[in-house]
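Here's a quick look at how this protein is put together on the inside. Have the viewer open as you read.

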Amino acid sequence: MSILAKIAITLAACAAMEGVAWASHKYIMHGWGWGWHRDHHERHDNFLEKNDLYALVGAAMSIAMFALGSPLVMGASAWEPATWIGMGILLYGVIYTLVHDGLVHQRWFRYVPRGGYLKRLVQAHHLHHATQSKEGGVSFGFVIARSPAALKRDLKAQREAGRAVLREGAGV
């Protein structure tokens, strides 16, 4: 397999993970998996959250792909593209950790973007946290974010339709 093919598979897998993350955040974390995700939407002083267990799920997906691509694990049945899919999942995990945990929630470093796309990501995720429960909500992705104005309109419509209960002082 050429180096260009390996890079292409890695980048494609990384990009696809935003869709996987969006769908799992909306339908699992804000659905039947709310028990692990709830504490992420509540104020607390703990260093770790139950929600961090989802990072282990992502790590398991990456490890499984590395295993499927490894001749040491799979022998002659190894499928080399799986290694590079695993690398893409790993790359997305690093980006997620830096953007979501680091930038948005400031768990690892303190930096407040003054403008541009990073500010938009922070604003979009803060609007995601404007809801008090698993119902309703906006901005379920982690790296791609719609404009805050559009997200505020969606939250307002959800509140008016009775689909979302917003936090006091959410500014919507």
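Predicted model: local features only at pLDDT ≥ 70, side-chain atom pairs only at ≥ 80, totals over all residues.

| Helix | Confidence in the protein | Mean pLDDT |
|---|---|---|
| Helix 3 (residues 53-68) | highest | 98 |
| Helix 7 | lowest | 93 |

On to the cores. The largest nonpolar core has 11 residues, among them Val99, Leu121, Ala145 and Leu166. Helix 6 (116-128) and helix 7 (148-160) each put at least two residues into this core. Helix 6 gives the largest share, with three residues. There's also a second, separate core of nine residues, including Ala21, Met65, Ala82 and Tyr92. In general, nonpolar side chains tend to be buried together in soluble globular proteins.

Leaving out residues up to four places away in sequence, Leu121 touches Val99, Val104, Phe142, Val143, Ile144 and Ala145.

Now the helix pair. How do helix 5 and helix 6 pack? The angle between them is about 75 degrees, and their axes are 11 Å apart. That angle falls within 65 to 115 degrees, so helix 5 counts as roughly perpendicular to helix 6. On the helix 5 side, the contact uses Val99, His100, Leu103 and Val104, which meet Leu118, Leu121, Val122, His125 and His126 of helix 6. Sorted by class, this contact has six nonpolar and three polar residues, and no charged ones.

Definitions and conventions. Residues numbered from 1 in each chain as written. Heavy atoms only, no water. Core = buried A, V, L, I, M, F, W, Y, C linked by side-chain atoms within 4.5 Å. Buried < 20%, exposed > 50% of the residue type's maximum accessible area, 1.4 Å probe, protein only. Helix = DSSP H or I, 4+ residues; strand = E, 2+ residues; numbered from the N terminus. Contact = heavy atoms within 4.5 Å. pLDDT = per-residue confidence, 0-100. Axes fitted to C-alpha atoms, helices over the stretch in contact; angles between N-to-C directions. Parallel < 35°, antiparallel > 145°, perpendicular 65-115°, else oblique. Nonpolar A, V, L, I, M, F, W, Y, C, P; charged D, E, K, R; others polar.
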